[in-house]
Amino acid sequence: MPEAPLTLPILIRTIRNARTQAQERDLVQRESAKIRGAFRDDEPDSRAANLAKLLYIHMLGYPAYFGQMECLKLIASQKFHEKRIGYLGAALLLDEKQDTHLLLTNSIKNDMLHPSTWVQSLALSTLGSLGSAAMLRDLAGEVEQLARVGQPSVRRKAVVCGVHIIRKVPDLTDTFIALGEQLLTDRNQGILHGAVMLIAEMCGQNPQALEHFRKRVPQLVGILQNLVVAGYSPDNSISGISDPFLQVQILRLLRILGRDNEETSDAMNDTLAQVATNTETTRNVGNAILYETVLTIMGVHSTSGLRVLAINILGRFLVNNDRNIRFVALTSLQKLLQEESSAVQRHRSTVLACLTDPDPTVKRRALQLSLALVNSGNVRATIKELLDFLITCAPDLKSDCTSGIFLAAEKFAPSKRWHIDTILQVLTMAGSYVRDDAVPNLTHLIGGAKELHGYAVQQLYEAVAQDISQQPLVQVATWCIGEYGNHLLAGSCEEVEPKQVDPEEMLSLLERVLQSHLSLPATRGYALTAIMKLGTHLQGNSINRIRSLVSIYCSCHDIELQQRAVEYNALFRKYDHLRASVLEKMPLVDKAGYSEDGSGKEQSGREASIALNIPEVEPCGNSKQPESSQVSDLLNLLGEPTEPSPLQPVIGTPVATGSVLELLRDLKPPAPALSHLVVYERDELLVEFSMERPPLEPTLLLITATVSNRAPGNVTGFSLQVAVPKSFQVALLAPSGSTVPGQGGPPITQLIRVLNPRKLPLRMRLRLAYTLPSGAAVQQIEEIRSFPEAAWQ
């Protein structure tokens with residue numbers, strides 16, 4: 001005997017009592033099969049009950065699509081309880097993407113003409129929730145008619161359905177303009193609320209409707225005034241405020257009507273001021289109206305006094321006990337800061353007080369607004385508060401706080417000493433959270449303040465002597481010790497009481513940085529360079545100590561540090577007479593020169609070479625091998641074997657500079673230029689080769705590639721790769737940039753060194769890659785066989 005179907009209460013209870021998900025799934029599948037069988041047998045008496053159970057199953061996330069047609073059958077029923085279940089099922093199981101919902105059109109139309117208001121309400125609610133554009137076009141007339149006459153409950157639903165129609169089909173706006181004018185005179189506040197929503201939607205969708213309803217601003221202002229001064233009404237008042245929902249909707253509509261129209265804005269200014277001053281703020285209802293009033297005041301052409309009043313309202317929100325209101329106030333003040341800077345600045349102390357708020361979202365928003373409020377007049381006081389906040393703030397806020405302090409100090413610093421002190425405090429308190437460009441920016445700042453060199457190096461030395469865990473601080477300090485350590489040795493400082501430091505103490509500190517497990521490879525590079533530069537001011541045993549320290553790192557596992565040590569060791573062994581001139585103070589360079597994009601990022605691994613202005617030399621033993629895929633790819637362009645020669649240099653990636661020996665070669669007389677050769681001319685991009693051969697090295701050819709752009713926009717991401725036959729050796733040095741400026745901008749250059757020991761005819765292939773101003777990426781391969789004989793003979 002087949003098992004009897006469960007009733008809805010029993011089904012709910014049984015599913016809730018299921019111990020496992022598998023048990024629940026099995027129960028749902030069995031019950032769904034029974035419901036499907038009942039639908040197939042067309043049992044009208046149990047159709048509503050089965051659909052109700054199916055809707056519950058659908059709410060649990062199981063498939064229920066097979067009940068769609070049953071919804072249509074129940075909607076067509078004459079029984080109200082079946083019709084109600086049918087409309088509920090249609091709202092849940094159907095949507096405008098399915099063709100089945102179009103079958104509802106006739107049923108909804110018939111039900112809107114039904115004598116029962118309950119049936120009419122069901123039809124309007126369903127049409128407003130899932131009506132498609134085609135369905136709404138067919139039924140717009142019936143909806144408009146129901147909104148004009150009938151029971152208030154039906155008219156309210158018809159007006160809300162009209163809002164959905166305008167939203168989906170803006171072309172039907174003209175149909176509802178007259179209805180909107182009529183409903184504005186209705187005394188029922190529910191219908192009036194819907195009318196304001198309808199007019200706001202029409203004004204937002206149709207410019208003609210916007211101009212039409214601007215004439216109704218005095219009427220809307222009168223309705224709002226009556227609501228403000230109206231007494232308590234049990235039907236419409238909430239927390240002592242008369243119909244706050246209608247007030248909010250009217251304020252939104254006034255904001256739409258008054259935008260970019262001075263005459264309309266003047267008609268509502270007095271009423272907005274009345275709402276702003278007479279609304280109670282003890283409850284959230286009043287705060288909601290005041291917030292909407294602020295948005296309306298700032299969104300129309302209001303008077304300056306009224307705009308200051310709106311800012312003051314937001315200022316009062318900052319001291320509200322509700323954290324949501326404080327967050328809204330901070331967000332709104334940040335948006336209005338550009339328009340009303342002076343008015344917002346009056347609440348700076350309150351905003352700074354919000355930094356101690358226990359809520360992290362409010363604290364983050366207060367930090368953003370506090371940083372935005374910094375200007376030349378309040379920079380000292382505001383940065384002091386932010387530094388106090390930096391000590392106690394959560395780690396996820398330290399990065400934003402340090403970044404904001406850096407930018408504000410750079411823009412509004414009253415003096416260089418204050419700027420340096422501020423950055424040092426940040427590095428001391430939160431050095432691990434600073435931006436990548438903090439180190440090069442601070443070194444540039446100190447380098448440009450010649451009168452503060454002694455002060456800066458003394459402050460940094462004292463800070464690092466106490467704590468070497470903050471890596472950016474240690475990097476700046478070691479850089480300053482290397483550049484301006486002579487001030488510490490001589491005890492010369494005019495800003496504070498000078499302190500003379502023993503050379504052995506300084507070397508011990510730098511040695512401790514080198515040996516610390518907290519030091520990053522870049523930090524060790526700074527320290528090693530500082531030791532070398534400090535050695536130009538020392539003699540005797542200190543020089544021997546420096547030699548031993550440098551020799552230790554000649555076999556370091558870190559390639560960059562090993563390379564620096566090998567270079568410095570070569571200076572000691574072979575070119576000691578040039579050491580003082582090579583290790584001179586770093587000249588002040590343009591700040592934009594730290595990186596190609598001007599962001600100020602310094603190449604940490606190459607810092608020592610930049611600081612010393614000397615080229616690199618490959619370290620002994622552990623030199624970095626080229627990637628085989630890049631070498632094979634480029635060599636195949638010339639038909640060469642895929643196995644790279646042991647003498648073949650790195651082709652795919654340019655080397656930064658040459659060796660120490662090449663530094664000395666540069667002291668020789670310059671080589672005469674051979675000729676100019678245009679090797680690429682496409683997409684308004686011109687690449688020219690200028691060739692020269694050093695007189696003392698006849699097998700070496702120096703090629704300077706000059707890339708210029710004749711288009712108005714910048715070409716970005718430019719890269720050049722070179723491949724030569726196996727009998728040649730080529731080295732591609734780092735380019736001067738990767739962005740080729742537009743017409744009138746300076747070109748970028750790149751040096752190519754070609755060694756031709758057998759003096760064979762030179763041929764070369766180039767791979768050029770770049771991105772055009774339009775965003776299109778280009779990659780081209782060019783072969784050069786037209787080198788002049790003077791370039792290789």
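Mentor: Before we look at any residue, take one definition: a residue is buried when its relative accessible area is under 20%, exposed when over 50%, and partly exposed in between, with a 1.4 Å probe and protein chains only. The model is predicted, so local features need a pLDDT of at least 70 and side-chain atom pairs count only at pLDDT 80 or more, while totals for chains, interfaces and linings use all residues. Residues are numbered from 1 along each chain as its sequence is written, and side-chain values use heavy atoms, leaving out hydrogens and water.

Trainee: Is cysteine 556 buried or exposed, and how many disulfides does the count come to?

Mentor: A disulfide is a covalent bond between the sulfur atoms of two cysteines, and here the rule is a pair of cysteine sulfur atoms within 2.5 Å. By this rule the count comes to 0 disulfides. The closest cysteine sulfur to that of cysteine 556 belongs to cysteine 554 and is 9.9 Å away, which is too far for a bond. With a relative accessibility of 18%, cysteine 556 counts as buried, and cysteine 203, at 5%, counts as buried too.

Trainee: How many helices and strands are there in the chain?

Mentor: Helices (H or I, at least four residues) and strands (E, at least two) are DSSP runs, numbered from the N terminus. The chain has 35 helices and 10 strands, and 51% of its 793 residues count as buried.

Trainee: Which residues are buried in helix H6, and what covers them?

Mentor: An α-helix has 3.6 residues a turn, so residues three or four places apart point the same way. In helix H6, which spans residues 104-112, the buried ones are Leu104, Thr105, Ser107, Ile108, Asp111 and Met112. Their cover, judged by contact (heavy atoms within 4.5 Å), includes helices H4 (68-75), H5 (80-93), H7 (117-130) and H8 (133-148).

Trainee: Which strands do bridges join to S9?

Mentor: Two strands pair if DSSP finds at least two bridges between them. Strand S6 (residues 716-723) runs antiparallel to S9, joined by 6 bridges, with alanine 723 opposite arginine 765 in S9. Strand S10 (residues 777-784) also runs antiparallel to S9, with 8 bridges, and there alanine 769 stands opposite glutamine 779 in S10. The hairpin of S9 and S10 has 5 residues between the strands, among them glycine 775, which takes a positive phi near 100°. Strand S9 itself, residues 764-771, is mostly covered, since 6 of its 8 residues are buried.

Trainee: What does leucine 685 touch?

Mentor: Leucine 685 belongs to strand S4 (residues 685-692) and, at 0% relative accessibility, is buried. Leaving aside residues up to four places away in sequence, it touches several residues, including Val707, Ser708, Phe718 and Tyr770. The C-alpha atoms of leucine 685 and serine 708 are separated by 6.0 Å, although the two are 23 residues apart along the chain.

Trainee: How many salt bridges does the structure hold?

Mentor: A salt bridge is a side-chain nitrogen of Lys or Arg within 4 Å of a carboxyl oxygen of Asp or Glu, and the structure holds 35 of them. One of them joins glutamate 201 to arginine 167, with the closest N and O atoms 3.3 Å apart. Glutamate 201 lies in helix H11 (residues 189-205) and arginine 167 in helix H9 (residues 152-168), so the pair ties together parts that are 34 residues apart in sequence. Glutamate 201 is buried at 15% relative accessibility, whereas arginine 167 is partly exposed at 49%.
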